[in-house]
Amino acid sequence: MPQIAQLSETYASQIFWVLLFFGLIFFVIGKGMVPKVMETVAVRDKQIADDLAAAEAARKAADSQEEAWRVAANTQRAEAQALIAKAKGEAAKATETRLASANTVIDQRLAEAEQRIAGARAGALEEIETVATEAAGDIVARLAGVTVDAAAARVAVKEALNG
Amino acid sequence: MAEAGKVDPMHQFTIEPMFGTDHWEIAGYSIPFTNSALWMAITTVALFLFVWGGMKRQLVPGRWQMAVESMTSFVDNLLAANVGPAGKKYVPYIFSLFMFILFANVLGLLPLMLVGVHPFTFTSHFSATGVLAIMSFAIVLIVGFWRHGFHFFSLFVPHGTPLWLIWLIPVIELVSFLVRPFSLALRLFVAMMAGHVLLEVLSSFVIDSMNSGALWGTVVGLPSFLLMIAICALEILVAGIQAYVFALLTSLYLNDAENLH
């Protein structure tokens, strides 16, 4: 077993070189490089944690903004509906008023027209009476040779016309 | 190593000075640069390249950076779980320990004989693992006495010790405490050595039985070869587990020093 057989001649060399190389590893790698590697890990972990926190904050902000938007939208919708209802009411009222005024105008015109028609009819009857009276006077003068008083003729014609 | 079909499974653990450095010495102690030291150097370079490749410090890590960061996070979590917040400052030490042993174990298992290089697993020498174990034990002692002074001895009297056992429990605790560096060093050394011996013995079965003819090659060599494949997988697992156990136990002992019981 060389570990024991060679112990007396090799122990100093073994101890020396182990201490030398382990010391190199400890001071160069363990003390020099490992902390930098671990710092990188720590920086990354911190960055991930920060990013997660920022994302969470952004999500909360988005939620609250959405809520605010929802409230605003609801108010605006209610306002718009009130506005529409009001406009509808006004429009209906305006239509009613215009219909009423148009009706009045139409009625007035109808009355005027009826009056005109009645006037025309009366005028026409007068004309007919006059013509009939003259005609009757002429007829009597030609047939009987009697001159009839115009007033008498008119009474007679009226009697005959109106029965 | 093989003379006339004889394979010495222990030969692989022989330490040999390399590059003519036999005469190197400091204060009378001979410190030749051996094959063991060479593989420590290779382990150090490999570990350096591994961690260096993960130093790009990108926000979104690549595969290599991910691998390095997962190793540091693994050690960090190990210490956080076993020692608590006070364990953060031991990350460089536990990381160095864990990765040094892990890389040494795995590098020693590589089939480099195929390209003519003989891998050497220095963690199969208790003169190497012992240094690491004593270092961990010394840190536990220093931290313990530094933080708690003589109160650190209360470690040997666990909470709830019955008064009539007060003469016995501290003795048992003291023994179990003092055994720690040996158990740390011997566990790693024995596990690595046993695996390598087993692989060497099985491979000698394969070679010798093949040399004895087709019949023995089929009856003995083939099953041994299949067993070797399975044990190779097991040894890779053991390489990781032993590194983990060393780091885990060291962090548990550090917990005793930091927080007492």
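## Ground rules

Buried here means under 20% relative accessible area, with exposed over 50% and partly exposed in between (1.4 Å probe, protein chains only). Helices are DSSP runs (H or I, at least four residues), numbered from the N terminus.

This is a predicted model, where local features need pLDDT of at least 70 and side-chain atom pairs count only at pLDDT 80 or more, while totals for chains, interfaces and linings use all residues. Residues are numbered from 1 along each chain as its sequence is written, chains are lettered from A and ligands numbered from 1 in the order in which they are written, and side-chain values use heavy atoms, leaving out hydrogens and water.

## Helix α4 of chain B

Let's start with α4(B), which has 23 residues and reaches 31 Å from its first C-alpha to its last, close to the 33 Å expected at 1.5 Å a residue (the expected span is 1.5 Å times one less than the number of residues). Its buried residues include B:S127, B:L132, B:F137 and B:G144. The buried residues of α4(B) pack against α2 of chain A, plus α3, α5 and α6 of chain B. After α4(B) comes B:G149, with a positive phi near 60 degrees.

## Where α4 meets α5

The axes of α4 (residues 126–148) and α5 (residues 169–211), both of chain B, come within 8 Å and cross at roughly 150 degrees. Axes are lines fitted to C-alpha atoms, for helices over the stretch in contact, and angles run from 0 to 180 degrees between N-to-C directions. Contact means heavy atoms within 4.5 Å.

Among the residues that meet here are B:F126, B:A133 and B:V140 from α4(B), and B:F177, B:R180 and B:L188 from α5(B). The residues of this contact split into 12 nonpolar, 3 polar and 1 charged. For that count, Ala, Val, Leu, Ile, Met, Phe, Trp, Tyr, Cys and Pro are nonpolar, Asp, Glu, Lys and Arg are charged, and the others, Gly among them, are polar.

α2(B) has 20 residues and spans 28 Å from first C-alpha to last, close to the 28 Å expected at 1.5 Å a residue. The buried residues of α2(B) pack against α2 (7–144) of chain A, and against α1 (35–53), α3 (91–109) and α6 (214–259) of chain B. B:G84 follows α2(B), and its phi is positive, near 95 degrees.

B:E69 sits in this helix, α2 (residues 63–82) of chain B. Why does B:E69 count as buried? Because its relative accessibility is 3%. Leaving aside neighbours within four places in sequence, B:E69 is in contact with A:V37, A:T40, A:V41, A:R44 and B:P61.

Key:
Helix = DSSP H or I, 4+ residues; strand = E, 2+ residues; numbered from the N terminus.
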